[in-house]
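Please consult the sequence and the structure below while reading.

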Amino acid sequence: MNDAFSPLERLARGLLLVFILIWSVAPILFIVSSSFKRQVDIFVYPPRVVFAPTFDNYIKLVSQWQDFFTSMGNSLIVAIGATVLAGLVSFFGGLCLFALPQPLHRVERGLHDRGARPAADRSSRCRCSRSRTGSGSAIRICC
């Protein structure tokens, strides 16, 4: 870890991480463990942590719903397709934001902290120029 954090801060961050993991994973574990319980044990309050696991629910599922694996395969195809589509749209959207010239790129970043004048004061005397790097590609420099 970064040495910039005190031991108390590291402890707090670790406890926060553990809390978030438990908050996220506990419901999934509860549902998966409930699938191995008998029907009467699923709805018992308070929930039982220790129980005799059974595969009867899965046997009943496959025997009563023969198209289960077909439906699960269809759901998997849709989920993978939606994920790939969202990833591609996000990738190309980010590529456009990165590669295309943007009007806000001319705003001086960080110059206001150093007491520089705003761009409106200097626009009459500044022009964009191109300079070449060692690899031969051009860089557009605007003041």
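Among contacts in the protein chain between residues at least 6 apart in sequence, what percentage join residues at least 24 apart? The share is 4%, where contact means heavy atoms within 4.5 Å. The model is predicted: local features need pLDDT of at least 70, side-chain atom pairs count only at pLDDT 80 or more, and totals for chains, interfaces and linings use all residues. Residues are numbered from 1 along each chain as its sequence is written, and side-chain values use heavy atoms, with hydrogens and water left out.

**Overall architecture and confidence**

- The protein chain contains five helices and two strands, in the order α-α-α-α-α-β-β from the N terminus. Helices (H or I, at least four residues) and strands (E, at least two) are DSSP runs, numbered from the N terminus.
- Of the 143 residues in the protein chain, 6% are buried. Buried denotes under 20% relative accessible area, exposed over 50%, and partly exposed the range in between (1.4 Å probe, protein chains only).
- The accessible surface of the protein chain is about 12,500 Å², and carbon and sulfur atoms account for 69% of it. Areas come from the Shrake-Rupley method with a 1.4 Å probe; for residues, only the protein chains shown count as cover.
- The average pLDDT of the protein chain is 77, and 68% of the residues score at least 70; pLDDT is the predictor's confidence in each residue, from 0 to 100.
- Over residues 107-114 pLDDT stays under 50, and the model has six contacts beyond four places in sequence for them. Where pLDDT is low, the predicted coordinates should not be read in detail.

**Aromatic pairs**

- The structure holds six aromatic pairs. Rings of Phe, Tyr and Trp (its six-membered ring) pair if their centres lie within 6.5 Å; planes under 30 degrees apart count as stacked, over 60 as edge-to-face and the rest as tilted.
- Phenylalanine 36 and phenylalanine 55 are edge-to-face, because their planes stand at 90°, with ring centres 5.5 Å apart. Phenylalanine 36 is in the loop between helix H1 (7-34) and H2, and phenylalanine 55 in the loop between H2 and H3, so this pair ties together parts 19 residues apart in sequence.
- Phenylalanine 36 is partly exposed at 24% relative accessible area, whereas phenylalanine 55 is exposed at 55%.
- Phenylalanine 36 also forms a tilted pair with tyrosine 58, at 5.4 Å centre to centre and 50° between the planes. Tyrosine 58 lies in helix H3, so the pair ties the loop between H1 and H2 to a part 22 residues apart in sequence.
- Tyrosine 58 is partly exposed, at 35% relative accessibility.
- One aromatic cluster is formed by Phe36, Phe55 and Tyr58.

**Buried loop residues**

- Threonine 54 occupies the loop between helix H2 (39-42) and helix H3 (56-64). Threonine 54 counts as buried because its relative accessible area is 14%.
- The side chains of threonine 54 and aspartate 56 make a polar contact of 3.1 Å. A polar contact is a pair of N or O atoms within 3.5 Å; within protein, one must be able to donate a hydrogen and the other to accept it, and residues adjacent in sequence count only if both atoms are side-chain atoms.
- Apart from neighbours within four places in sequence, threonine 54 is in contact with Ser35, Phe36, Lys37 and Arg38.
- Lysine 37 is placed in the loop between H1 and H2 and is buried, at 2% relative accessibility.
- With neighbours within four places in sequence left aside, lysine 37 contacts Ile42, Arg48, Phe51, Thr54 and Asn57.

**Peptide geometry**

- The peptide bond from tyrosine 45 to proline 46 is cis, with omega near -5°. Proline 46 is in the loop between H2 and H3.
- Most peptide bonds are trans.
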